[in-house]
Amino acid sequence: MRKPRRAPALVVAAIALVLPLSACGSGDDGGGSTDASGKVEGDITFQTWNLRANFKPYFEGVIADFEKKYPGTHVKWIDQPAEGYADKISADAAGGTLPDVVNVSPDLVAPLAKAGLALDLDKSAGQYKKEYLDGAWASHRIPGMTGTYAFPWYLNTGPLFYNKSLFKEAGLDASKPPTTYDELFADALQLAKKSDGKVATLANVPTVEDFGRYGVELMNKEGTAFAFNDAKGVELLTKYKELYDAKALDPQALTATPESSGKKFLTEAVAMNPGSALDLGNFKKQAPNLYKNIGITDQITSTGKVNMYVMGVMVNSRTKHTPAAVAFAHYVTDAQNQMSFAKKVAIFPSTAGSLDDPYFTKEDGTDETRVRIAAAKSLKNAVNYTPVLFSDQMKTALRNEVAKALQGKESPKTALDNAVKACDTLLQQQG
């Protein structure tokens, strides 16, 4: 499980990691069969992403149960560290040593699908589609291509936490946190004004997912060009510029990391921060005063749909044992195994109906359960706003231009025009 940049270690974030297409395309040209209907048998390899240290017994159990269900199969489990995971996949793709079943995120599956290395599950395993949430199944589709290229696995999302005491000190109603962007911006300006610029409301500059939540059209339908420099995109960045000038956006937001943003919230220098149920235990232990004053509210969107982070399980199109690889990828991600995994860590299953389980619906009076229930409810129609083709280099290009706009070096419109131009150039280089 990779360590995200905007959330705690077990909250899955959508971090685009660059996987050169040239590397993917240079593997063995001999393809495997796309027919998954044959006998489930043979030796396959299964690669996960930084999961062995914390979940070894769980995965060993899943593998043992699968091998028992399908005599004649053998699953070799490989776990790769979080650091350099994309590079490892790229090297394996280039060398023709990509495992049969691979833990991926949408951004990692995109170049593999373009290079013909990811099995199209709409063709080979379409009968399973109905078992998953629509938004989760759709998250591994690639703009400009037909097909779905990974089984959806675990999901995550989280609320916004806010500091009730800071809201009260600014003369705001702590029982009524902002629910719209207009309210958020108005409250942020008041918090900054009342504290003489000592208390910012937000600690992060807007990212591509923030533009998505605001209702900005991020890409054209064909997936050939970005579009977040439209009037709505410029409007959002202009609002952030107002916050930055008023110190309602933390002055260090331009260089913020998830750790630094979290620390700002922990030390009560920032009034709001995104997070998950995992954070509550951290607040309780490290900042009991903050924990006493913690408020929990929903993500703010203009679309009515929150952002979700999603992980998937891809089948290598060149596997020699397609029926076994597809069967195992489906087995790992079926409702029973996802539910079991979700009870071991603060994640959510992508299978249809699972979020109606009492574990995700029944209150027990604790904040942790309240957060889990609210997140589960919001995930039913959540979307992954980060475009699957949005690479790490593109994120850097957008961040650099956003910084120039906030510092007054460029207008918001010029900054977003430049960011789109840079991202389109990078998109063309992807092939």
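Trainee: In this predicted model, which residues of H14 are buried?

Mentor: Helix H14 spans residues 322–332 and is mostly covered, since eleven of its eleven residues fall under the 20% relative accessible area that marks a buried residue. Listed by name, the buried residues of H14 are Thr322, Pro323, Ala324, Ala325, Val326, Ala327, Phe328, Ala329, His330, Tyr331 and Val332.

Trainee: How many aromatic pairs does a search of the whole structure find, and what is the angle between the planes of Phe59 and Phe341?

Mentor: The search of the whole structure finds 31 aromatic pairs. One of them joins Phe59 and Phe341, whose ring centres lie 5.6 Å apart. An angle over 60 degrees counts as edge-to-face, and that is the class of this pair, with its planes at 70 degrees.

Trainee: Which residues do ring pairs link into a cluster, and over which ring does the charged end of Arg52 sit?

Mentor: The cluster linked by ring pairs consists of Phe46, Phe55, Tyr58, Phe59, Phe66, Tyr70, Trp77, Trp153, Tyr154, Phe328, Tyr331 and Phe341. As for the charged end of Arg52, it lies 4.0 Å from the centre of the ring over which it sits, and that ring belongs to Trp77.

Trainee: In what order do the five strands of the open sheet lie, and which are its edge strands?

Mentor: The five strands make an open sheet of mixed pairing in the order E2-E1-E3-E8-E4. Neighbouring strands of this sheet are turned against each other by 20 degrees on average, with direction ignored. A strand at the edge pairs on one side only, and the two that do so are E2 (73–80) and E4.

Trainee: How do strands E3 and E8 run, parallel or antiparallel, and which residue in E8 stands opposite Val102?

Mentor: Strand E3 (residues 101–104) is joined to strand E8 (residues 309–315) by four bridges, and the two run antiparallel. The residue in E8 that stands opposite Val102 is Met314.

Trainee: Which strands does helix H3 touch, and what angle does its direction make with that of E1?

Mentor: Helix H3 (residues 85–95) packs on the sheet, where it touches E1 (42–49), E2 and E3. The angle between the direction of H3 and that of E1 is about 150 degrees.

Trainee: How many salt bridges does the structure hold, and where does the partner of Lys380 lie?

Mentor: The structure holds ten salt bridges, and one of them joins the side chains of Lys380 and Asp356 at 2.5 Å, N to O. Lys380 lies in the loop between helix H16 (367–379) and helix H17 (392–406), 24 residues from its partner. Lys380 is partly exposed at a relative accessible area of 44%, and Asp356 is partly exposed at 46%. Asp356, the partner, lies in the loop between H15 and H16.

Trainee: How far apart are the closest N and O atoms of Lys413 and Asp417?

Mentor: Lys413 and Asp417 are four residues apart in helix H18 (residues 412–430), which means that about one helical turn separates them. Lys413 is partly exposed with a relative accessible area of 38%, and Asp417 is partly exposed with 27%. The two form a salt bridge in which the distance between the closest N and O atoms is 3.1 Å.

Key
Residues are numbered from 1 along each chain as its sequence is written. This is a predicted model: local features need pLDDT of at least 70, side-chain atom pairs count only at pLDDT 80 or more; totals for chains, interfaces and linings use all residues. Side-chain values use heavy atoms; hydrogens and water are left out. Buried means under 20% relative accessible area, exposed over 50%, partly exposed in between (1.4 Å probe, protein chains only). Rings of Phe, Tyr and Trp (its six-membered ring) pair if their centres lie within 6.5 Å; planes under 30 degrees apart count as stacked, over 60 as edge-to-face and the rest as tilted. A charge sits over a ring if NZ of Lys or CZ of Arg is within 6 Å of the ring centre and within 35 degrees of the ring normal. Two strands pair if DSSP finds at least two bridges between them. Axes are lines fitted to C-alpha atoms, for helices over the stretch in contact, and angles run from 0 to 180 degrees between N-to-C directions. Contact means heavy atoms within 4.5 Å. A salt bridge is a side-chain nitrogen of Lys or Arg within 4 Å of a carboxyl oxygen of Asp or Glu.
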